[in-house]
Amino acid sequence: MARPVGVCCTTGWIRREGETVELTLTPMTEQELGRLREPLERLYAEDLAAHRGLTPEEARERSANQLRQLLPAGAATEGVLLRVARVDDAEVGWIWVTLPGTVGATDAAGSRRAWIHNIEVHPAHRGRGHARRMIQLMEAELARLGVPELGLNVFGTNTVAIGLYRSLGFEVTAQQMAKRIDPAG
């Protein structure tokens with residue numbers, strides 16, 4: 001598998017069930033992004049429809065448009081860190097972070113905050129600490145780049161992710177609320 005020239009990997013260790021395993025983040029190739037993009041677009045559209053009141057068609061269109069805006073050059077988009085997580089030779093998930101000053105990086109003008117757009121652990125590999133380690137390795141990479149803060153959005157119903165983020169030191173900085181109203185009959 002070809003990796004971008006001059007870009008190194010980030011490696012960390014995970015202890016589980018009495019053994020230590022190595023998790024490595026490697027730069028994502030265009031081929032890998034092509035394979036992961038459709039499921040990302042579909043799942044994000046489903047979340048938008050479920051949580052933002054959009055029709056499935058509107059949600060799919062918004063999801064596709066956002067991906068086009070945020071990744072105009074695909075895996076080579078400047079200011080975007082797309083990393084694939086591997087344990088041994090098995091792909092266990094991936095993470096997408098946008099650096100400060102890049103379109104979609106933050107909601108605050110002039111912020112020095114990087115932004116996690118997506119983190120995913122493939123279903124067969126969940127519950128083993130991979131998401132935690134992926135975030136920690138990304139934090140180390142951002143620290144080397146001089147980025148002082150990392151942010152993310154999480155749907156309020158995703159209690160497992162919320163628990164993980166809190167345990168890693170993330171704090172609520174904004175909150176959206178909504179209420180469904182039944183149409184008058």
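**Entry 1: ground rules**

Helices (H or I, at least four residues) and strands (E, at least two) are DSSP runs, numbered from the N terminus. I am working with a predicted model, where local features need pLDDT of at least 70, side-chain atom pairs count only at pLDDT 80 or more, and totals for chains, interfaces and linings use all residues. Residues are numbered from 1 along each chain as its sequence is written, and side-chain values use heavy atoms, with hydrogens and water left out.

**Entry 2: confidence**

I looked up pLDDT, the predictor's confidence in each residue, from 0 to 100. Its mean over the chain is 86, and 86% of the residues reach 70 or more. Residues 1-7 have a pLDDT below 50, and this stretch has eight contacts in the model beyond near neighbours in sequence. Contact here means heavy atoms within 4.5 Å.

**Entry 3: the hairpin**

I went to strand 3 and strand 4, which pair in the antiparallel sense over eight bridges. Their hairpin has two residues between the strands, and Asp-88 takes a positive phi near 55° there. Which residues face each other across this pair? I found Arg-83 opposite Ile-95 in strand 4, and Arg-86 opposite Glu-91 in strand 4.

**Entry 4: the other pairings**

Strand 2 and strand 3 pair in the antiparallel sense over five bridges, with Leu-25 opposite Ala-85 in strand 3. Strand 4 and strand 5 are antiparallel as well, over six bridges. In that pair I noted Gly-93 opposite Val-121 in strand 5.

**Entry 5: how covered are these strands?**

I use buried for under 20% relative accessible area, exposed for over 50%, and partly exposed for in between (1.4 Å probe, protein chains only). Strand 3 is mostly covered, with eight of its eight residues buried. In a regular strand the side chains alternate between the two faces of the sheet. In strand 3, I see Val-80, Leu-82, Val-84 and Arg-86 pointing one way, Leu-81, Arg-83, Ala-85 and Val-87 the other way, and all are buried. Strand 4 has eight of its nine residues buried, so the rest of the structure largely encloses it.

**Entry 6: the cores**

A nonpolar core is a set of buried Ala, Val, Leu, Ile, Met, Phe, Trp, Tyr and Cys residues joined through side-chain atoms within 4.5 Å. The largest one has 28 residues, and Ile-95, Val-97, Ile-116, Ile-135 and Leu-142 touch the most other members. Among the elements that give two or more residues to this core, I listed strand 2 (19-27), strand 3 (80-87), strand 4 (90-98), strand 5 (113-121) and helix 3 (130-144). Helix 3 gives the largest share, six residues.

What does Ile-95 touch, not counting residues up to four places away in sequence? I wrote down Leu-25, Leu-81, Leu-82, Arg-83, Ile-116, Asn-118, Ile-119, Met-134, Ile-135 and Met-138. Another core of 12 residues lies apart from the largest one, and includes Met-28, Val-80, Leu-82 and Trp-96.

**Entry 7: salt bridges**

I count a salt bridge when a side-chain nitrogen of Lys or Arg is within 4 Å of a carboxyl oxygen of Asp or Glu. Side chains of opposite charge can pair when their charged atoms come close. The structure holds eight salt bridges.

I checked Arg-35 with Glu-91 first, and their closest N and O atoms are 2.7 Å apart. This pair links distant parts of the chain, with Arg-35 in helix 1 (residues 30-52) and Glu-91 in strand 4, 56 residues apart. Arg-35 is partly exposed at 44% relative accessible area, whereas Glu-91 counts as buried at 18%.

Next came Arg-60 with Glu-41, at 3.2 Å between the closest N and O atoms. Arg-60 sits in helix 2 (residues 56-70) and Glu-41 in helix 1, 19 residues apart. I have Arg-60 as partly exposed at 32% and Glu-41 as buried at 16%.

Arg-42 also forms a salt bridge with Glu-46, at 3.8 Å. These two are separated by about one helical turn because they are four residues apart in helix 1.

How values were computed. Pairing = 2+ DSSP bridges.
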